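Here is a short note to read beside the structure, written as numbered points. Please keep the picture open while you go through them.

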Number of protein chains: 2
Amino acid sequence: MTEMELSTQRQPPHAVGILGGMGPAAGADFVRLFVQACTEQLREQGQPVHDQAYPEHWLVQLPMPDRSLALRRDPQSPTGPAQHLLQGVGRMAALGVRSVALACNTAHAWHGQLQAFFPQLHVLHIARQTALHLQAGGARQAIVLATAGTYDSGLYDAALAGCGIAALLPEEGGRARLMQGIYEGVKQGDTALAARCFGEVLEPLLQRHGRVPVIMGCTEIPLALPLAPQARGAELVDPAWILAQALARDAYGFNRSPDAGALRA
Amino acid sequence: MTEMELSTQRQPPHAVGILGGMGPAAGADFVRLFVQACTEQLREQGQPVHDQAYPEHWLVQLPMPDRSLALRRDPQSPTGPAQHLLQGVGRMAALGVRSVALACNTAHAWHGQLQAFFPQLHVLHIARQTALHLQAGGARQAIVLATAGTYDSGLYDAALAGCGIAALLPEEGGRARLMQGIYEGVKQGDTALAARCFGEVLEPLLQRHGRVPVIMGCTEIPLALPLAPQARGAELVDPAWILAQALARDAYGFNRSPDAGALRA
C-alpha cells in the first residue's frame, strides 16, 4: 500500500496495539490519551464521534522486568525485558494489529530489534515522533527528563540530533533524583514525592537554559511533574501524547510524518 | 483447581481480560480502575508494589454496535453486539486469560450467552458483584441510574432482588434524560451537559427516597455525575470500581465472593 493510498483511505480504520505494563498506571493512561487523540482526529476530519468510529485497539500489560536495570547489565538476558517485549509484540502481531506503540520510553532501547523481528508491523518510535514534533515547532534545544536507562541508551540525544535539536540533560545527582521520583514516587502511588523530585531537577535546568521545551521522557513523569510549582509556565512536552496521536493517525490512515513513512517503506 | 487452592495461591497471578469499546473512554478508565485495585490489594496483602507485581492483563476495545438499540430490536442480529462480544471474549480466551470483565453494564444482557460459550473462562457479572457489595453493607434499597437497554433487560432489578434489595428507578422522562447525558454528553466529550442531565434525574429520586445508595449503572455515568451539585453528599456506588476490584481478586486468586465461586464451579 502506498503512502497516498494510506492517506486517502478513510474506512475502516486499522487495528492497533499498545504494549504497556511499564508501569501499569502509565499504560492505562496511554489508552486514555489514545482515545482522546482519536476523538480529536475524528473532529478535525469532520467525522461523527460515536463508539463505532474508534479503531479496534488492544492493550497488553505484561509483568515486564526492569528496563533501566537490564540496560546497565545484560540487555539480551533471557530473563530480561527483551524476551517479554518480543512476546508482547509477537502476540499483538497474531491479533492482526497494523501498528504498535510501546508505552515506555526506556523500552525503546529495544525498538530496532522489535521492528526487525516483526516487519509486518509498524513499531512507532516515541523519541523520533517527539523530535519531529519539536522540529516542526522550530525548537533548537530541549531539556530531557528521563530514566537512567533512557539516558544510557542515548535515545533522545540521537533522535533530537537527527532533527538538529540539542539535548540538555541534568547532572548525575539530578538523574538519581528523577529515578527516586519515578520508583519511590509514581510507581508507589506517592505523587507528592514524585512532584517534589521532578520539580527540584527541573528548576536549575530552566534557570541555566531559559525557556526551552521540557521533554517528559518517561511515561511516569507526566503523572506528577505538572503538579510541581517549578513546572508552572514551562513548555512541557509529553512524548506519550505525541505517540498516542501518531498511533491514532496510523489507525485512521492519516499518518504523513516522515518517521512513520520511513519505517513503513 | 479447588476454591481453596485458588484462595491460598499467591504466585504468579492469572492473566485477565477487559472487553471495552462501550464507549472507549469508559474502557480506558476501567483499566485505570483495575490497576488501582491491584495496587490496593497488593498493599492489603503486605506485598511490595512494583511493575512486576501486576498481573498480565489485556484490554480490547472493539467498534461495538449500540447495545441499547439492539436490545430494543433484535439482540441476536448477526450485525449486532452479540457477534462482536463473542468475538472479543473468544479472542481473550485464545490469549489464555482466566477471567474477563465487560466494561459496559448494558452488554451484560448477553452475559449468560458469553459465559455459556466460554466455560473455560470466568465472565464476571457487574450487577451481581454490585448487589453483593451492597448486601454486605446492609442496603435494602438502591437507586439505579442506567441506559434504556439496561432498564429493559432488568439487569439490576434481578441482581438486586437476588440480594433482597429493592431497585428504585426514574420515570420514563428521567430515563430519556439519562440517555441524552450519555449519548450527547459523555460520548461527545460534553461533560458539562452530561452532569446537568444526570443531576436533574437524581434530584427528585433522592428527595422521594432519602439517603439510599445510588448505583451509577452505566460506565459513562461516573465520568460526569460526581460533577453535578445534586450528587454532592450522595452515596455514589460505581459498579465499574466494584467490578475492577473483583477482577483484581480473580487475578491474584483472592476472590471469595459467592458470585464468583458459583460461576466458576
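1. Chain B can be superposed on chain A with an RMSD of 0.0 Å by a turn of 180° and a shift of 0.0 Å along the axis, where copies are fitted by least squares on the C-alpha atoms of residues with pLDDT of at least 70 in both. That is the relation of a two-fold axis. The same surface serves both copies, since 100% of the contact residues of chain B recur in chain A (contact means heavy atoms within 4.5 Å). Leu59(B) is the residue of chain B that comes closest to the rotation axis, at 2.5 Å for its C-alpha.

2. This is a predicted model, in which local features need pLDDT of at least 70 and side-chain atom pairs count only at pLDDT 80 or more, while totals for chains, interfaces and linings use all residues. Residues are numbered from 1 along each chain as its sequence is written, chains are lettered from A and ligands numbered from 1 in the order written, and side-chain values use heavy atoms, without hydrogens and water.

3. In chain B, four strands form an open, parallel sheet in the order E6-E5-E7-E8 (strands are DSSP runs of E with at least two residues, helices runs of H or I with at least four, numbered from the N terminus; two strands pair if DSSP finds at least two bridges between them). Strands E6 (166–168) and E8 (236–237) of chain B stand at the edges with a single partner strand each, so one side of each is left without a neighbour in the sheet.

4. Helix H2 (residues 24–44) and helix H11 (residues 239–252) of chain B pack at about 55°, with their axes 8 Å apart (axes are lines fitted to C-alpha atoms, for helices over the stretch in contact, and angles run from 0 to 180 degrees between N-to-C directions). H2(B) and H11(B) are therefore oblique to each other, as angles under 35 degrees count as roughly parallel, over 145 as roughly antiparallel, 65 to 115 as roughly perpendicular and the rest as oblique.
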